Amino acid sequence: MSEEPQLTFEDEPLRRRYLQTFDLIRRGDFDGSWRALDELHAQGVKLPDLYDVMKCLKFWLNRKTRIESCEAGLPLADTLEGEWKLFEQFIMQKALASHPVIAHFREAVWNRVIENFILAIQQGDVPDPELLLRLSGALLVGGQYARARDTLLYAKKFKPRDAVLHAYLGDAWHGLGEN
């Protein structure tokens, strides 16, 4: 008796297209992801959590004009940090905090925060230790522990006795599995 291979839910083309939208989210292409999900929705596709993902996308798309109106560098990093705090409240209210797609949103937003902190540092003639600490905090949230450690070690030259700096440094080393 020969058994024919059975397609699983993961093999379905529509499911694959749905999962590809997660990659668009991770890269920060919220418009493209929305269009792809809207197209799937228009086809009557019933996928788990489709509406939850669309709610999260709508949160960020509703803020797009405000975010894009910010000057690159520190103003944009500050705005994105503030919007992330609001997003955290939103996902808690909607009971979405444990949804797997949240990690993709976190990566997209915090990578952009990090880029803008780096731009702000590059625009300054003298390194701002407070800005270096904020960059390090963003790197830690983004899971980039090695970059956070290196940034903190650089900032330590300017603020050798700063308690927050040392706490962040401990978090970075812990994230790297170092003592």
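The mean pLDDT of the protein is 88, and 92% of the residues score at least 70. Among the elements, the highest mean pLDDT, 96, belongs to helix H4 (residues 64-68), and the lowest, 87, to helix H1 (residues 13-26). Where pLDDT is low, the predicted coordinates should not be read in detail.

The packing of two helices is described by the angle and the distance between their axes. For helix H3 (residues 50-61) and helix H6 (residues 101-123), the angle is about 20° and the axes lie 10 Å apart. Because angles under 35 degrees count as roughly parallel, H3 is classed as roughly parallel to H6. The crossing of H3 past H6 is right-handed. On the H3 side, the contact is made by Val53, Cys56, Leu57 and Trp60, which meet Val101, Ile102, Phe105 and Val109 of H6. The residues of this contact comprise 8 nonpolar, no polar and no charged.

Glutamate 83 is located in helix H5 (residues 74-93). The relative accessible area of glutamate 83 is 2%; since buried means under 20%, this residue is classed as buried. Leaving aside residues up to four places away in sequence, glutamate 83 touches Phe59, Trp60, Arg63, Arg66 and Ile67. One of these, Trp60, also takes part in the contact of H3 with H6.

Definitions and conventions: Residues are numbered from 1 along each chain as its sequence is written. This is a predicted model: local features need pLDDT of at least 70, side-chain atom pairs count only at pLDDT 80 or more; totals for chains, interfaces and linings use all residues. Side-chain values use heavy atoms; hydrogens and water are left out. pLDDT is the predictor's confidence in each residue, from 0 to 100. Helices (H or I, at least four residues) and strands (E, at least two) are DSSP runs, numbered from the N terminus. Axes are lines fitted to C-alpha atoms, for helices over the stretch in contact, and angles run from 0 to 180 degrees between N-to-C directions. Angles under 35 degrees count as roughly parallel, over 145 as roughly antiparallel, 65 to 115 as roughly perpendicular and the rest as oblique. A crossing is left-handed if the near helix is turned anticlockwise from the far one by less than a right angle, and right-handed if clockwise. Contact means heavy atoms within 4.5 Å. Ala, Val, Leu, Ile, Met, Phe, Trp, Tyr, Cys and Pro count as nonpolar, Asp, Glu, Lys and Arg as charged, and the others, Gly among them, as polar. Buried means under 20% relative accessible area, exposed over 50%, partly exposed in between (1.4 Å probe, protein chains only).
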